[in-house]
Structure formats: C-alpha cells, structure tokens
Amino acid sequence: MEILRIEGLSKIFGSGRLEVRALEEINLSVSAGDLVALLGPSGSGKTTMLLCTSLILEPTQGKIVFDGQTIFQKNGWSGGVDIRRLRREKMGFIFQAHSLIPFLTARQNVQFPLSLVGINGDVAQRRVMELLEYMEIADRADYLPALLSGGEQQRVAIARALANNPRLILADEPTASLDTVRGKKVMELLKKIAKENQSAVIVVTHDVRMIEGFDRVFHLKDGRLNNTH
Amino acid sequence: MDLAVYDLKLHRGRFIATVIGVGLLFTIVLAMNGLYRGNIYEGLAVINAINPDLWVVERFRGGPFNEQSTMPEYYHYSVKAVPGVEQASPFIYYTVERRIGQESRHFSIVGYDIVSGLGGPQQIQAGRGLQQAHYEMVAHPKLGVRLGEKVPLGLHTYTLVGLTKEAVDTNGDPLVYLSLPDAQEVLYQKDNEEIRNQRTRLSRSLALQNSLSPLAADKLLPSLQPDTHIINAILVRLKPGANRAEAARHIEDWLYFSTYTTQQETQLMLKGRLAGMTKQLMLFRILLMIISVVIISLVIYTFTMEKIRSIAVMKLIGAPNRVIVRLVMEQSLLLTITAFGFALVLINQTYHLFPKTILLVPEDEIITFIVVLFGGILASILGIAQALRTQPAMALGGQ
C-alpha cells in the first residue's frame, strides 16, 4: 500500500542571479513497510527534501500525495488539509541528538504526542510502557533526558515517534551522535519497526555504513535523486 | 499534560529566585498602596476625629490644617450668638519639636476648651481625659510617654493623664492634647529673659515719646505686650435641626470669617497639602507596576528562548499553537501569581515595621492583583510571539 508519492517535486530558493535549485524533479514512492535511505553529502538537499516530505516547507512545484490524499499540487497546499494534524496523527519524527524535550521524563516525552491526540490516563500510560519496553528502556522511564546516554535518548525518541502508530516515520541522521555499535542498533530497531508496524520509514543519513539491509537507497546530489538499488 | 509546571520543576531554583525578586517588587507596590492610604488617613485623621458641624477660620483662609489661620480668642462668643449655634469652641493646633526624655520629638499640640470638649479626644485608650484647666496632657502612645510621666513643655511641666490612639497629626506624628490656655502658653509664652528684654525695648521706645511722662509710660507698658489669646479656628456644634448653610452664611456675612464643613475641610486637605504626596505615590505605583511587567516579560522571554528548540520539536510533532501559547502564558501567570502571593504574605507580616503608617485595604490588594494578572498576561506576549514565530524546521536543523 502506497503511503507517500512525490512527483516532479522541485524547490527553488531566491530568484534571478541569487536563485538556488535545492531540489529538482524529485520522484519517489514509498509503501507501507518500506525502509528507505536517503544518502548525500552536506548541501545536497537532504534537509530540504526532509522538510518538504514533512510538509513543513512548501515546494515550488510538483505533487505530494500522502496516505491517499493530495497534500500539495502545483498551486500550493491543498485547501482544507490540516497539516499539523496530519503530522501529529500520521507521522513520526526522529532527529539527531537533543530532540527530546529536556524538562519531560522519558515517559512524559513518549506520552506527549499521545496527549496531543487526546489519549490520556491509563490508556496512554499502558501505551507508553509498551513502547518503552519494546525499546528496552522501560527501566529508565522516569529519568530526565539529561540523565540518559545518547543511545538511550535515541531509543526514547524512537518510542515517541511510534506513539501514535504513524504511517510514515522520518528520521534525520538518527545515528549522527552515536558510536557505530549504538548507531547500528538504532538502525536495526528502525528495520524492525518498518516490518512489524508496517510503517514506511525514510532515513536521511550521510553514513553508508548504517544502511545495510535497507529496501531502497537513494542518493541526493545537487538536488537530484538517483536510485542506487 | 502541564508542560509549564514540568519546565518550572526542572528550573526550580531559578523560578524561586525570580519569584523572590519580582515578589519584592510587588511588596514595594503593596507598601506604596498602603503608604498612599496611610498618607490620606493620617492627613485627615485629626479632621475626622474632631468632626464639628462647622469649622470657622480666618476670612479667605483654608485653615486651620491646610493653611495658617489666626483670630482673636474672644470671637468665639460672637459665633456662639449666631442663630442655630449650640456650641462655639476655640481651637488651636500647631507643630513643635521638643525634647521628650533624651530624644528630640516632632509632634503637634491641640489646644481646646475642656469644658465644651469640642476638639478634644473622644476615645481614651488608657487613663482619663483632661479634667483640670492646667498642667495635664493626653497624648498618642507614639509619643513614647507613659501614664503619669511628667513632661516639661515651655515654662511648665505637664502630667500625662491619658493615652488616645484616635488621631495623629497630618504628618503622621503624635498628637498632644492640652487645655486651650496651656496650649497658648506653650506656643506664645516667652521665657523670663525674653520678657525682660522685650519690656526694656518697649520702655526705650516710649521714653522717646515726649508727650508721655515716665509714670504714664509705665502704666501703658502692660497693654502693649503681645496678645497670647490667639486661636486658629472656632469649632461649631449646631443645635438639632438647625440649618447648617444658613448658620454658615450668617457667620461669613456678619462676622467676616470663612466656614467649612468637615467634608469641605477634608477636600481642602486632599487638594492642598496631601495632593503632592498622593500624586507622587500614585506615580511610583504606576512606575513600579510597569517595571514589574517589564521584568516578568524579560524573564518569560528568556525562559521561552531557552526552550525554543523544544518548541520547534513540539511544532514538528504537530502540537497546535494553543499548546505552545498555554506553555508560555501559564509560566508567566504562575510566576506572577506566586510572586504576588509572596508579596502579600511579606507585606502583611512587615507593614508594622515601616516608619510611616501602611494602611492595607483589601480592595487595593484585589485591584493590584487584577492589574498584576493583566500584567502577567501582557508580559507573556513577547514570549508567545517568539514561540509562534519559531519554525518547526529548526528541529531538523533548517530555518
């Protein structure tokens, strides 16, 4: 089942002599359970691609269809679509380091997206503990992020991204602040999530060592996307 | 999920320090409120305590408290003869600085007719009122004199026979009640050396008059001494059912004095002597409130800026604006309300330590709380604006 379809997507910053073509004619289709890697050096357009896919940055042209609903067309964002609601109900985000809210414990960080969709009380608590146990970090539930290691923080961040059973998980350099061993563990978790939860997972990274076992790998270079396998 | 409380829990130390700082500012605001009320209360206390039907003063003068007014004592007989007047009592009031024990004290003396009682203390807290025509005094406990203690004032020594808390003078200093002749003596009576000098000066002046024999000059001398039977006002009590306006008009037209009701006397003070200080205190209150709001704004702005990445993460996750607005505004209100509570407790525990009277009125506290609450909401606007401007892209390292 197709989760995300991007057709002819371009993003141009500035105009005239200052014009920068960050993304050009990007085509991408991701289905449920797909594990997709986006590789590319700095300045290749990875972050711009992620911002457009997260529905934060408005593309200049192209089309984005998410979960069967056209979100963006030539003329701009489709009317009547609550983008923030889409993000909180159907997307999960995992970032580099320091993405947890520092004044909330691990448990509260995972609970936060649930509270945004109106899930509170015992139901929320059960779901939070289920996710923390799945991430093997339940024993640290009541710790503040500052008291967790980088790997533990990233596992809490993944638990938070999974809280609302998202259709699409977007991960931005999730292993950037981790050593190789911990980085590989995080990637293994993402593979497991893609297969078990049937969520589409797009991982943006510059580290080729981390993409072993991915279904598809794309290379971004000068705003253009090349499918390598 | 109460994000504001969780954040403040993490920064507990800084929150408490800010509450103390802002709370102290609010304490000054509340103290200023009390000082404002106290200033008016003290300024009007003696007028309200005496409260005659009419104050008769020197023509075109706003006396006896707002402006000096002098008149011969015997005029009270003329006032007494006005239709509708039941009592007309001479009254004198002046401020002195004298040594009481080992200290120099600033206080005011009230001289009144102890027979009519008008102008004298109505409620005695300890001891009794004045009963003898001379050498007794009643005073406010602030004077620091004990019952039965003897106090030298001018040429004589006075025994404290009673204490009254009824009123203080217009500056908040204690009042001392004396019989009218005693009060006149303390004010006007010179010491013996000065009397001799004055007599000698007069004798020399008369000796230069060729028309006067030395014997006639000596006879004339006592009548040329300065008159000490001077008063500041006549207090009038009207007969039941008498027309106040008519009595006042009669006194003004036929005796050439000015008359005021107690309410008019109060207005004279409010628009005269008390006006400057009252405006000054009002200005201080407004300035302090503005300073408090600015400080809370800066604190909340700093709190918000420190959380800006977390706010970006929340927005990226899909948190609606109301969650972000609530986070910032709730912190601002928590800070404001806690600081106000701290200020309220502090001022209620310490108001009696201030040298001037701090009169705490619940209405003032409620109004200040509403203003403070509004200030807290206003203070959060800067932080909210910054939070709402934050792009979720910041969480991903974008703009």
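Helix axes are lines fitted to C-alpha atoms over the stretch in contact, and the angles between them run from 0 to 180 degrees between N-to-C directions. In the predicted model described here, this convention applies to a pair of helices in chain B, α2 (residues 12-50) and α8 (residues 262-271), whose axes come within 10 Å and cross at roughly 160 degrees. Because angles over 145 degrees count as roughly antiparallel, α2(B) is roughly antiparallel to α8(B). The crossing of α2(B) past α8(B) is right-handed. On the α2(B) side, the residues that meet α8(B) are Gly43(B), Leu44(B) and Ile47(B). Their counterparts in α8(B) are Thr262(B), Glu265(B), Thr266(B) and Met269(B). By class, this contact comprises three nonpolar, three polar and one charged residues.

The chain that holds this helix pair, chain B, has 12 helices and 12 strands. Its radius of gyration is 32 Å, well over the 21 Å that the globule rule gives for 399 residues, so chain B is more spread out than a compact globule. Taken along the principal axes, the C-alpha atoms of chain B fill a box of roughly 115 × 50 × 45 Å. Buried residues make up 39% of the 399 residues of chain B. Of the contacts in chain B between residues at least 6 apart in sequence, 78% join residues at least 24 apart.

Chain A contains six helices and 11 strands. The radius of gyration of chain A, 18 Å, is close to the 17 Å given by the globule rule for 229 residues, so chain A is as compact as a globular protein of that length. The C-alpha trace of chain A spans about 55 × 40 × 35 Å along its principal axes. In chain A, 48% of the 229 residues count as buried. Among contacts in chain A with a separation of 6 or more, 69% are between residues 24 or more positions apart.

The contact between the two chains takes 17 residues from chain B and 24 residues from chain A. On the chain B side, the elements that give two or more residues are α1 (3-10) and α10 (308-317). The largest share of that side, four residues, comes from α10(B). By class, the residues of chain B that touch chain A divide into 12 nonpolar, four polar and one charged.

Helix α10(B) is mostly covered, with eight of its 10 residues buried. These buried residues are Ser310(B), Ile311(B), Ala312(B), Val313(B), Met314(B), Lys315(B), Leu316(B) and Ile317(B). They pack against elements of both chains: α2 (83-90), β7 (91-94) and α3 (106-116) of chain A, and α11 (321-350) and α12 (362-389) of chain B. Just after α10(B), Gly318(B) takes a positive phi of about 115 degrees.

Elsewhere in chain B, Leu212(B) lies in the loop between α5 (192-207) and α6 (214-220). A residue counts as buried with 20 or more other C-beta atoms within 10 Å of its own, and as exposed with 12 or fewer. Leu212(B) has 14 other C-beta atoms within 10 Å and is therefore partly exposed. Leaving aside neighbours within four places in sequence, Leu212(B) is in contact with Leu206(B) and Ala217(B).

Key. Residues are numbered from 1 along each chain as its sequence is written. Chains are lettered from A and ligands numbered from 1 in the order in which they are written. This is a predicted model: local features need pLDDT of at least 70, side-chain atom pairs count only at pLDDT 80 or more; totals for chains, interfaces and linings use all residues. Angles under 35 degrees count as roughly parallel, over 145 as roughly antiparallel, 65 to 115 as roughly perpendicular and the rest as oblique. A crossing is left-handed if the near helix is turned anticlockwise from the far one by less than a right angle, and right-handed if clockwise. Two residues are in contact if their C-beta atoms, placed from the backbone, lie within 7 Å. Ala, Val, Leu, Ile, Met, Phe, Trp, Tyr, Cys and Pro count as nonpolar, Asp, Glu, Lys and Arg as charged, and the others, Gly among them, as polar. The radius of gyration is taken over C-alpha atoms; the globule rule is 2.2 Å times the number of residues to the power 0.38.
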